[in-house]
Amino acid sequence: MASDQSNNQSVERAISVLRAFLTGRPELRVSDVAKATGLGVSTASRLLATLETLEFVERDEVSGLYRLGTAPITLGGVALNQNPVHREARQVAQDLAAALGLGVNVAVRRGESMFYLLNFEGRLAPRSFVLTGQRKPLYATGIGKCLLLGLTPQERRELVPEASMQAFTSRTIVTHERLDQELGAVLGRGYATEVEELAFGRACVAAPIRDMSGAVVAAISISGPLSAIALEAREAELARTVIETADSISIGLGYVGPVHAAPAGRAGTA
């Protein structure tokens, strides 16, 4: 039992070292890792050395700084290739981004956050980094609003307490009363919009993706700078496109549309 506990602790420490690189700084000193994890400098150094031999981190020979290595990329690629939503959405999203020149993103819900499975950027919406693997708040994004459709109002309040709803801009929804109203509109029209609710100068239109049971399992968005997406003039066009794309992915996941009960008094008729 003691050996199992020791092994578990070693794994937890190693994972905490890797997570230290998720704070936004791409390269860290041993002392930075020790501070971020709460480990001693000698322990952090030993774990980094082990992770380096396994290619989970790599050390710059000149600066002595550590950064993530190639092993996490390999694991991430395998995980993505095994994900059914990613398999169905990847080519469709890539083609759509190329055709529109805008960004196309697909995400799923992980706890209280949305998690990007993939993103492609068209010529009008370039980025210097990838969104895949990043997490964003559900209530402040078009995709997140679509993902919240799968929850009841009470479940939403338990998942995202109002006290945790941070205002990223003056447009961010920060109350559940307002969020309920917004999600009612999303459900009615079949798509969500987000205009400068998470970041200034950006907007998107999104639609839910459903599996064979009809449950919302993911969502897809078309996004870009305000000047490129021109949402005020193109909302209807982009909404139609994102809904059709979401439907095609849903069909690939086995969704056949809502099941309607037979009208009363019709049962048994020829």
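Predicted model: local features only at pLDDT ≥ 70, side-chain atom pairs only at ≥ 80, totals over all residues.
Residues are numbered from 1 along each chain as its sequence is written, and side-chain values use heavy atoms, with hydrogens and water left out. Local features need pLDDT of at least 70 and side-chain atom pairs pLDDT 80 or more, while totals for chains, interfaces and linings use all residues.

**View 1. Asp 32 pairs with Arg 25 in a salt bridge.** A salt bridge here is a side-chain nitrogen of Lys or Arg within 4 Å of a carboxyl oxygen of Asp or Glu. The N to O distance is 3.1 Å. Asp 32 is buried, at 13% relative accessibility. Arg 25 is partly exposed, at 42%. Buried means under 20% relative accessible area, exposed over 50%, and partly exposed in between (1.4 Å probe, protein chains only).

**View 2. Glu 27 forms a salt bridge with Arg 67.** Their closest N and O atoms lie 2.7 Å apart. The pair links distant parts of the chain, 40 residues apart: Glu 27 sits in the loop between α1 (2–19) and α2 (30–37), Arg 67 in strand β2 (residues 66–68). Helices (H or I, at least four residues) and strands (E, at least two) are DSSP runs, numbered from the N terminus. Glu 27 is partly exposed, at 29%. Arg 67 is also partly exposed, at 26%.

**View 3. Glu 197 forms a salt bridge with Lys 145.** The closest N and O atoms are 3.0 Å apart. Glu 197 lies in the loop between β6 (192–195) and β7 (202–210). Lys 145 belongs to helix α6 (residues 142–148), 52 residues away. Both residues are buried.

**View 4. Shared partners build a salt-bridge network.** Glu 27, Glu 58, Asp 60 and Arg 67 are joined in one network. The salt-bridge count comes to 13.
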